[in-house]
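Dear colleague,

I am passing on the structure we spoke about, with the sequence alongside. Please have it open while you read the notes that follow.

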Amino acid sequence: MPEDQAGTAMEEASPYSLLDICLNFLTTHLEKFCSARQDGTLCLQEPGVFPQEVADRLLQTMAFHGLLNDGTVGIFRGNQMRLKRACIRKAKISAVAFRKAFCHHKLVELDATGVNADITITDIISGLGSNKWIQQNLQCLVLNSLTLSLEDPYERCFSRLSGLRALSITNVLFYNEDLAEVASLPRLESLDISNTSITDITALLACKDRLKSLTMHHLKCLKMTTTQILDVVRELKHLNHLDISDDKQFTSDIALRLLEQKDILPNLVSLDVSGRKHVTDKAVEAFIQQRPSMQFVGLLATDAGYSEFLTGEGHLKVRC
C-alpha cells in the first residue's frame, strides 16, 4: 500500500480504536470517575455532555463487560448522556432503575436481550410508553429471552409503541393474542417470533401490506396445517425475507410445499429453510429461478445445496 494511502487508512481507523481504548478504561474504572448519590447510584463527577454516539458506545461497552446494574446505570440519568441506540443486554437492573436511567432519552433502538428476571417485557414497555416521544419514534425493539409479565401473562402492552418498525421477541412465552396486538402496529415491517408459544399465525394478515421481514424459526407450538400456513404466507406479498428454519425435530413438509409454490412471495430476496425435511436441489432451483431477485438461501442441515446451480457464485449466497 502506498505511504499516503496507508497514512489515510490509519487516520481513519485511529479514532475508533482510541475511542474503544478510552471507553474500556472508563468502564473498568468507572467508580474513579463517579460519585455516589444518596440512593447509591453513580453519577459522573465531571459536568460535560457526552456526544450521542459516544454515549451509545459506552453503554454497549458496559453491557459487553456485564457491568450494567442498578448502581452503574445511574450515569445515564439526567442530560449528561444522550442515548439514541441503547444496548442493555444481560443487564441486572430493576424496573425502577430502567425507567430512571433510560426512559427520558430519545431512543430509536433498544436491545434488552436477556436482562435479568426482575424486569419484564411489560415493565420495559410501560417505561418506554411513559415518554411520548419514544411512543411515536422508537423504531427497533429487541426483547429476546425475557418474561412477558410476572403478574399477568395475558396482559397486552405493545400497542403503546405506535412508531415501532422492527420487533424481535424470541424465546418468550408470547401467545396468539400478543401476535394480534403486534400485527396491528401501524408501522411494523420486521418481526421475529422464533421459539415462541404461538399456535396460529393468522393474525399476521393484519400487517400483510407492510411486513417485509418475518422470522419464525422453530415455532414448536404451531397447530396449523401446512395448507393453512401457506394461505397466510401467500398474502404477505411484500416480504423480502422469510425464515422458516427449524432444528430438525419435526417432519413437516412446509419447506418443500413452499418451494413448490409459483404464485407466492414475488418480492422475496432471502429465504432460510435450514433444518427442514424434504428439501431438494430441484425444488430450490425452481423457486430461485422464478424469483431472479433472490440473494440468499439458507439450506443448513437439509438434503439440498449440492448442485452446481447452488454453489453460491454470483449474486446468490448459499449457506449449506
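**Helix packing and salt bridges**

In this predicted model, helix α3 (residues 95–102) packs with helix α4 (residues 121–129) at an angle of about 30°, their axes being 10 Å apart. Because angles under 35 degrees count as roughly parallel, α3 is described as roughly parallel to α4. The crossing of the two helices is right-handed. On the α3 side, Ala95, Phe98 and Arg99 make the contact, and they meet Asp123, Ile124, Ser126, Gly127 and Leu128 of α4; by class, the residues of this contact are four nonpolar, two polar and two charged.

Turning to charged pairs, the structure holds ten salt bridges. One of them joins Asp20 and Arg57, whose closest N and O atoms are 2.4 Å apart; since Asp20 lies in helix α1 (residues 3–28) and Arg57 in helix α2 (residues 52–64), the pair ties together parts that are 37 residues apart in sequence. Asp20 is partly exposed, with a relative accessible area of 32%, and Arg57, at 24%, is also counted as partly exposed.

A further salt bridge is formed by the side chains of Arg89 and Asp111, at 2.6 Å from N to O. Arg89 sits in the loop between β3 (85–87) and α3, whereas Asp111 belongs to strand β4 (residues 109–111), so that the pair links distant parts of the chain, 22 residues apart. Here Arg89 is partly exposed at 40% relative accessibility, while Asp111, at 15%, counts as buried.

Finally, Asp231, Arg234 and Asp263 are linked in a network of salt bridges.

Note on methods: Residues numbered from 1 in each chain as written. Predicted model: local features only at pLDDT ≥ 70, side-chain atom pairs only at ≥ 80, totals over all residues. Heavy atoms only, no water. Axes fitted to C-alpha atoms, helices over the stretch in contact; angles between N-to-C directions. Helix = DSSP H or I, 4+ residues; strand = E, 2+ residues; numbered from the N terminus. Parallel < 35°, antiparallel > 145°, perpendicular 65-115°, else oblique. Left-handed = near helix turned anticlockwise from the far one by under 90°. Contact = heavy atoms within 4.5 Å. Nonpolar A, V, L, I, M, F, W, Y, C, P; charged D, E, K, R; others polar. Salt bridge = Lys/Arg side-chain N within 4 Å of Asp/Glu carboxyl O. Buried < 20%, exposed > 50% of the residue type's maximum accessible area, 1.4 Å probe, protein only.
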